[in-house]
Amino acid sequence: MNKGLIPTRYAKALFQYAQENNAENTVYQEVLQITKICETEKRIRAVLKNPLLAKQNKAQIIRAIAGENISPVFSRFIDVLIENERDNLLQRICLCYIDLYRKKNNIHLAKLTTVAALDPAAERRIVDLIKSVVGGTIETVSVISPELLGGFIVDVDSNRWDASLAGQLRRIKMEFSVNNQKR
């Protein structure tokens, strides 16, 4: 996803500043928190885009969604964002930071789609299988999708492994169509 030049530059600056202060892991957790809240609470983005809201209020809002024990590194970064009037780009900057952090630490995001919630042991086996293929560390996001009918789908980076019943039926249908067209 193209997040833009300005968010990328701010994320790189934050990442470098966090590295210099040995706070990259802490900042990573804070940007994950902000990204999660911005995704679930659409009003936060609207508030940050509001030019009539005082800078001090915007800073307080960002600090509140970052968590109770905000790191000094991220707190200073919030001040820079507000000062430069880039607070409306907060979510995109956080997404860029997440990408930088994951790339540096060889972390892969795996989206695991199933019909129902998996028990922890089954999910662990799937994560271990993914880890053996892609290496590094795996962070999972679980999605429930009854349309799969059974099985699961795993998306990691640009790869997809479809072990769902719906996927198998789709492949059988396509094979059947191709074989019938040849006759």
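Predicted model: local features only at pLDDT ≥ 70, side-chain atom pairs only at ≥ 80, totals over all residues.

Two packed helices are described by the angle between their axes and the distance between the axes. Take helix α1, residues 5-20, and helix α5, residues 72-83. Their axes come within 10 Å and cross at roughly 150°. With a cut-off of over 145 degrees for roughly antiparallel, α1 and α5 are therefore roughly antiparallel to each other. The crossing of the two is right-handed. On the α1 side, the contact uses Y10, L14, Y17 and A18. On the α5 side, V73, F74, R76, F77, V80 and L81 take part. By class, that contact has nine nonpolar residues, no polar ones and one charged.

Next, α1 with helix α2, residues 24-40. Here the axes come within 8 Å and cross at roughly 140°. That makes α1 oblique to α2. L14, F15, A18 and Q19 of α1 meet E24, V27 and V31 of α2. The residues of this contact divide into five nonpolar, one polar and one charged. Note that L14 and A18 of α1 are in the contact with α5, and L14 and A18 are also in the contact with α2.

Now α2 by itself. This helix has 17 residues and reaches 24 Å from its first C-alpha to its last, close to the 24 Å expected at 1.5 Å a residue. Which residues of α2 are buried? They are E24, V27, Y28, E30, V31, I34, T35, I37 and C38. An α-helix has 3.6 residues a turn, so residues three or four places apart point the same way. What do the buried residues of α2 pack against? The partners are α1, α3 (42-49), α4 (55-66), α5, α6 (90-104) and the strand β2 (137-144).

Last, the backbone. Most residues other than glycine have a negative phi, and most peptide bonds are trans. N106 has a positive phi, near 50°, and is not a glycine. N106 sits in the loop between α6 and β1 (107-114). It is partly exposed, with a relative accessible area of 38%.

D157 is another non-glycine residue with a positive phi, near 50°. Its place is the loop between β3 (151-156) and β4 (159-164). Is D157 buried or exposed? D157 is exposed, at a relative accessible area of 54%.

That's it from me.

Technical notes
Residues numbered from 1 in each chain as written. Heavy atoms only, no water. Axes fitted to C-alpha atoms, helices over the stretch in contact; angles between N-to-C directions. Helix = DSSP H or I, 4+ residues; strand = E, 2+ residues; numbered from the N terminus. Parallel < 35°, antiparallel > 145°, perpendicular 65-115°, else oblique. Left-handed = near helix turned anticlockwise from the far one by under 90°. Contact = heavy atoms within 4.5 Å. Nonpolar A, V, L, I, M, F, W, Y, C, P; charged D, E, K, R; others polar. Expected span 1.5 Å × (residues − 1). Buried < 20%, exposed > 50% of the residue type's maximum accessible area, 1.4 Å probe, protein only.
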